Amino acid sequence: MMMASVPALASAVPGAIDPGRLSRIAEVDPNFQSFNVEMVEVTGGRFWAPYESSTGERYAERKPIDLRSERLRTLAKALAPAYMRVSGTWANSTYVPTLTEVEPVAVPQGFRQVLRRSQWQGVVDFSNALGLPIITSFPVGSGTRDAAERWQPDQARRLLSLTKQMGGKIAAAEFFNEPNLTKLGGLPEHYRAADYASEFETFRAFARDAAPQMVILGPGSTGEGGDILPADMMRDTANRTDAVSYHFYGALSVRCKDSGSQTSAEEALDEAWLSRTEADYRFYARLRDRYAPGKAIWLTETAQAACGGSPWAPTWRDTFRYVDQMGRLARRGVRVVAHNTLAASDYALIDDRTLEPRPSYWAAVLWRRLVGAVVLERPHISLPDIRLYAHCLRGSDKGVLLLAENLGQVAQTLTVNGRVSAYVMTASSLDSRSVRINGREPRISASGAFPRIVPERVRGALRLPAHSISFFAVTNAANPACAKP
């Protein structure tokens, strides 16, 4: 069988990158770039305290998120379609009422907060209006257990029923959040891997009956250790999932400095820091290959640092990690990456108090508009401090998207064959909380209108400013890997 030849580009330059000849290496979910809305955001409660809080406490009380906010909806719509994961540690101990019961004023015994029907209706409406299929997990705390401390699916059934009766659908779910951290998750004191395996089988049978189309994810553990080792859980359950899921944080924020490893702002662009996400992926990929070969992998929760993010998480400095992590994991074939969070705490894409987008949000907008599901090989270049990734251009059967990060302090030049629409992101400093795209700061107008982001048309030599992130849409690449079947 003869392969179709790649049309020559009229402006081809010898030695330049030829996007039309990059081979396909992987494919990700169309909703690859996704995000989390923590269950405690929905119910309200004690979440990570702002750094500027004078109390110095780890947690602070927060009101329920307003998912009816037109501004928040405008911002979220620009990232859709995407998965919206509503979960987190607080979800393990959230009481779910039935559609008809009188909602309790006090939190029932065995739970820590109550999910009001109006709050979950807000989640369903947000999901339906914006094209954000829901991923979730279910309560497993003492209030869900019988006298022998065995998990019972009543609360999970209620959440599925409520969702259906409200006109929504849960697309995918983990049994519960981070089962390797049993002490944080409200599990019985002597909970072990064998208990998880037994209860997972109960959950799986329930889910297949109650929601046969729902994708079952697991284990949804974080890190490589914990009260139960992920390897021990996956040994008995990974082959019973539809896809393997895990969580990743490269460090803990200073809020949790007494609990584990830290990182610093000075390390934000270092390879040792940026590559941590691949090391953790390899750990779970090896377990997947051993216990569930061929299963897809989803990263359902990740951010700059656990415990709400470091003080520099909202800055331009962390945007490099944000896009680099997706570039690395897409090359590995990870199907979904869900950032934590959309709009809560320092690691959020959007400031929850002002609803102002942070630098990583604008990178997310460009990723959503330009980066397609087909992943291409990385072009061979020898430029110091440059990270380069390639995908098919979203919505095009001829184009290729090149993502270039300049991690260095010196501008460089990349030579590419073809017509290029360039979106070059820069900031006044790495610590800036605003960003420019092609020299202009994108801003939501006073009336709530989304800004028009206009590319620059260039050919040949593409300038990569110092500390910049550039999305280059090569519209006439004619790459056969990107042709629609």
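Here are some exercises on this predicted model, each with a worked solution.

A few ground rules: residues are numbered from 1 along each chain as its sequence is written. Since the model is predicted, local features need pLDDT of at least 70 and side-chain atom pairs count only at pLDDT 80 or more, while totals for chains, interfaces and linings use all residues; side-chain values use heavy atoms, with hydrogens and water left out.

**Exercise 1. Find out what the pLDDT is over residues 1-11.**

Step 1: recall that pLDDT is the predictor's confidence in each residue, on a scale from 0 to 100. The protein has a mean of 94, and 96% of its residues reach 70 or more.

Step 2: look at residues 1-11, where pLDDT is below 50. Beyond near neighbours in sequence, this stretch has 14 contacts in the model (a contact means heavy atoms within 4.5 Å).

Step 3: Where pLDDT is low, the predicted coordinates should not be read in detail.

**Exercise 2. Work out which residues of helix α7 are buried, and what covers them.**

Step 1: Helices are DSSP runs of H or I with at least four residues, strands are runs of E with at least two, and both are numbered from the N terminus. Buried means under 20% relative accessible area, exposed over 50%, and partly exposed in between, using a 1.4 Å probe and protein chains only.

Step 2: go through α7 (residues 230-237). Pro230, Met233, Met234 and Thr237 come out buried. They cover an arc of only 95° around the axis, so they sit on the same side of α7 (the arc is taken from the directions from the helix axis to the C-beta atoms).

Step 3: connect that to helix geometry. An α-helix has 3.6 residues a turn, so residues three or four places apart point the same way.

Step 4: list the cover. It includes α6 (193-210), β10 (215-222), β11 (243-249) and α9 (276-291).

**Exercise 3. Trace the salt bridge between Asp352 and Arg62.**

Step 1: apply the rule, a side-chain nitrogen of Lys or Arg within 4 Å of a carboxyl oxygen of Asp or Glu. The structure holds 33 of these.

Step 2: check the pair. The closest N and O atoms of Asp352 and Arg62 are 3.0 Å apart. Asp352 is in the loop between β13 (336-340) and α11 (359-370) and Arg62 is in strand β4 (residues 59-62), so the bridge ties together parts that are 290 residues apart in sequence.

Step 3: Asp352 counts as partly exposed at 27%, whereas Arg62 counts as buried at 16%.

Step 4: zoom out. Glu52, Arg62, Asp351, Asp352, Arg353 and Arg358 are linked in a network of salt bridges.
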